[in-house]
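User: I am new to this structure and would like to go through part of it step by step. Could you take my questions in turn?

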Amino acid sequence: MIRARSINHRGRRPLKGWQLTALVGVVGALGVAGCSSSSSSSSSSSSASSASTSSTSTSSPSSGTSAAAGSATSGSIVWSASPITTNSFGDTRTVLITAFNKVYPNIHVTLVSAPTNTDTNRATLATEISGGSATPDVFMGDVIWPAQFGAHQLAVPLSNYLPASYWAQFAPGLVAGASYKGQVYGSPLFEDQGFMYYRKDLLAKEHLSPPTTWEQLQSEAAQLQKAGLVKYGFVWQGASYEGLTCNFMEYLASAGGTATKSDYSTATLDSPAAIKAVTFMRGLITSGVTPAAISTFQEPQAMAVFQTGQSAFLRNWDYAYSASISPAAGGKLTASQVGVEPMPAFAGEPTPGYSNIGGWNMYINPHSKNTAADLTFIKFLASPTAQTILAADYGEIPTTLAVRDAAKTAALNPVFAIVSKTKLIPRPAGTPNYPALSTAIYTNVNAALAGSTSPSAAMAAAQSQANTALTTTSGGL
């Protein structure tokens, strides 16, 4: 997210860092804005070994893979990537390139800094690649791009080159979100997801435990408000924008629903599960637990309310813990006051609930002349070396299970400590018409939150508009 992280919250580049030096624009540019080792990329050393034994484009493909053009151990490639984080360790991107060159000194990587606004970045890449440009060879892009880029032949199907063992190393949900029509187009670089933040001190005063269900959260929030301990019970992102689709998907999945059929041919929004989800969201407002102004809240507004001590609970992305306790980011709370847990589930459903996925993938330009070297670079970025750099030095959630679930990673901060306990749910971005589909979702859910229509009417309208979106031939770009 929103962090332009992936949530394609059209525009926010991640605010990062447990080494947070300043709160970088929470909304805006790269928008959420934003999910075991494999034999092909289990570590930087194994990647190097694999590359050293592979040949150029004339070699036979390894089991189940296609041959890649160029050399896997030498050459020059251009990497387009938006700014991630810069702190005392340096620019994330250049640090990763330096680490890569220690293993592959004969592959020269030129960094091209991409726009921080996700939509601008997407449009620029689409124009360049559709025009036949061979550069950038590799590019960092939003997690919701696979279908749009895959449908228009703007990205290489990486699953043609990388075996199943490579994809098995990633956290469940990330590869599904990077796929389109059975092929994987994006290699997960780092991810973001929804978390439930709460005031540990306030719950302790009322002898309450962190909620595991939505109903418990609503009840506890109301109790804390009644006790005069806090102004608002629960804040989140309810404005009419991409962030609301992310929030809605968490409730919808918890209620057992989906946004579309598995083949994306038809919407499934006019369902009991979807109506239950929106009814509960609207009920948070009518009960007074959530302020009516939530229908205008994006990340910055929700963050500001929680980090200044005005709300007991907050749904936000991974940066929110640091932002809550960092004076430089406007935080007025302390580490002893802020807790974080996986998202709740509806009563009667398995816990925890679902966290929507944000984040960034690595893609390859179909016109690249150096596909083998591109793949070497991408595999390195999924190695323990690179993933540990992202986690330990920059506070990004690693995408590989080996690093994500490691005890050393969990010890880095409270958010990382619970990442392995969460369940991920992607947005319904497996269609190139996702932008229009998401618009149908968030505009109608927002109307219900604002009270201008009922939850059932909102979902009926969303269903109709979503079906129109799914049958259009524009393809999302």
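User: Which residues of helix H8 are buried?

Analyst: This is a predicted model, in which local features need pLDDT of at least 70 and side-chain atom pairs count only at pLDDT 80 or more, while totals for chains, interfaces and linings use all residues. Residues are numbered from 1 along each chain as its sequence is written, and side-chain values use heavy atoms, with hydrogens and water left out. Helices (H or I, at least four residues) and strands (E, at least two) are DSSP runs numbered from the N terminus, and buried means under 20% relative accessible area, exposed over 50% and partly exposed in between, with a 1.4 Å probe and protein chains only. H8 covers residues 214–226, and its buried residues are Trp 214, Leu 217, Gln 218, Glu 220, Ala 221 and Leu 224.

User: Which strands are among the elements that cover the buried residues of H8?

Analyst: The cover includes helices H7 (200–205), H9 (242–254) and H10 (272–286).

User: Why is E9 largely enclosed by the rest of the structure?

Analyst: In a regular strand the side chains alternate between the two faces of the sheet. In E9 both faces are covered, with Phe 195, Tyr 197 and Arg 199 buried on one side and Met 196 and Tyr 198 buried on the other. E9 is therefore largely enclosed, since its buried residues number five of the five.

User: Which residue of E12 is the bridge partner of Arg 199?

Analyst: Two strands pair if DSSP finds at least two bridges between them. E9 pairs with E11 in the antiparallel sense over four bridges, and there Phe 195 has Asn 316 as its bridge partner. E9 also pairs in the antiparallel sense over four bridges with strand E12, residues 338–341. In E12, the partner of Arg 199 is Val 338.

User: At what angle do H9 and helix H18 pack, and which residues of H9 make the contact?

Analyst: Axes are lines fitted to C-alpha atoms, for helices over the stretch in contact, and angles run from 0 to 180 degrees between N-to-C directions. H9 and H18 (residues 434–450) pack with their axes 8 Å apart, at an angle of about 80°. H9 is therefore roughly perpendicular to H18, a word used for angles of 65 to 115 degrees. In the contact (heavy atoms within 4.5 Å), H18 contributes residues including Tyr 434 and Leu 449, and H9 contributes Glu 242, Leu 244, Thr 245 and Phe 248.

Key:
Expected span 1.5 Å × (residues − 1). Parallel < 35°, antiparallel > 145°, perpendicular 65-115°, else oblique.
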